[in-house]
Amino acid sequence: MTLGQIIALFMGSVFVQNFIFSRFLGLCPYVGVSKDTPSAMGMGFAVVFVMTMASAVTWGLYRYVLIPFDLTYLKIVAFILVIASFVQFVEMFLKKAFPALHRSLGIYLPLITTNCAVLGVAFLNITQFETESYGFAKSTLQGFFAGIGFMLAMLIMSGIREKLEYAEIPEAMKGLAIVFITAGLISIAFLGFSGFKL
Amino acid sequence: MGQEETNNTGYFKELSKGFIRENPIFILCLGLCPTLAVSNLVENAFGMGIAFFFVLLCSNITISLVQKLIPDEVRIPCFIVIIAAFVTVASLLMQWLIPDVYARMSLYINLIVVNCIILGRAEAFASKNNVFRSALDAVGMGVGFTASLFIISAIREVTGFGTFLGFRLIPENIKPITIMILAPGAFFTIGFLMALFNLIRIKKGKVSK
């Protein structure tokens, strides 16, 4: 891969096709953990790590196991099992290394398993690179950049939500309603990237 | 409706709680990703709703049947594998029956496997209740989900395309609000609908301050 292709992939998955704002993947942790910046950051790092690793591993699994044995219809089951075991690993690691972060992530950490962004990037890699060679580097990078895009979205939202605490919001809009409206406004800004070509 | 719920022996309650009181999308705020992604056309929303309904019903029934066999420690992986199996079935069936709708949203059909509503119902309900109750719960939740999806997609298609299921509702010369079928429209629609649900709850005095 040339540097230009890498930059194009980066812009594409972080800004143009941001997982949250244009693909709607991973919304549950997005609205759940974005209340304050430290947990948003922790969740973001966990997702970047899991997404990168999951892309790499599902690539190998698909290319060397599912395709040769003609088992591609099993991809849903196979991918979800790989991702679930990875999340388990990350959880054990965080519990040992960063107990405070582990506590603040709470329930959302095991929920990365059911984070559609992680499984989504694995499926996207397959469908997107089907025509081309479905390369290892490309898939892994796409996973990594998509994770960065997710983290960016989390950080923007957590910054806004910290300020929203002090805003006067109509009673009915409190809670998730205002979060979604805010997400819509950010999404309009991200729509501005959609004409972007490299 | 409130009167009936208390009279019947809880079965109706099990069925109806998914419609409004515990509506998976607007009240529980679960399963939002496919909701927002496929709700730009009513046709897509129906495809998603049916696939979702099928998977939820089958997995709820299966899980409530095998709940005694699954050890507590590994229940989540077991649930996921059961759900994944039914998603594979649904995805293959859709590929065969409605290939053009499937082609548009294959990613989100496959992602039903990680839909929090289905796993949530498996964990919170089907693994603790008998088959009949679990099936009722699945039907209620499935109808609630499909109906919510239908409302969102109807709003977005009418305002964004000026059509409803392909039929033109708003005359050609009135320019549709294109942003409603793009990503931001989805966020706005669900945001305002949630606010509406909250408003209704506040008006009814159900929210204790």
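I start with helix H8 (residues 131-160) of chain B: its 30 residues at 1.5 Å a residue should span 44 Å, and its end C-alpha atoms are 42 Å apart, which agrees. The expected span here is 1.5 Å times one less than the number of residues. Helices are DSSP runs of H or I of at least four residues, strands are runs of E of at least two, and both are numbered from the N terminus. Just after H8(B), Gly162(B) has a positive phi of about 75 degrees.

A word on the source. This is a predicted model, in which local features need pLDDT of at least 70, side-chain atom pairs count only at pLDDT 80 or more, and totals for chains, interfaces and linings use all residues. Residues are numbered from 1 along each chain as its sequence is written, while chains are lettered from A and ligands numbered from 1 in the order in which they are written.

Staying with chain B, Leu65(B) sits in helix H4 (residues 42-66) of chain B. Is Leu65(B) buried or partly exposed? Leu65(B) has 13 C-beta neighbours inside 10 Å, so it counts as partly exposed. Buried means 20 or more other C-beta atoms within 10 Å of the residue's own, exposed means 12 or fewer, and partly exposed is in between, with C-beta atoms placed from the backbone. The C-alpha atoms of Leu65(B) and Val131(B) are 6.3 Å apart, although 66 residues separate the two along the chain.

Now chain A. Its secondary structure comes to 8 helices and 0 strands. The radius of gyration of chain A is 18 Å, close to the 16 Å from the globule rule for 198 residues, so chain A is as compact as a globular protein of that length. That radius is taken over C-alpha atoms, and the rule is 2.2 Å times the number of residues to the power 0.38. Of the 198 residues in chain A, 43% are buried.

On confidence, pLDDT is the predictor's own score for each residue, from 0 to 100. Chain A has a mean pLDDT of 83, with 91% of its residues at 70 or more. Within chain A, confidence is lowest in helix H5 (residues 99-105), at a mean of 74, and highest in helix H7 (residues 136-164), at 90.

Last, the interface. How many residues of chain A are in contact with chain B? There are 33, in contact with 33 residues of chain B, where contact means C-beta atoms, placed from the backbone, within 7 Å. The largest share of the chain A side, 9 residues, comes from H8(A).

Terms used:
Two residues are in contact if their C-beta atoms, placed from the backbone, lie within 7 Å.
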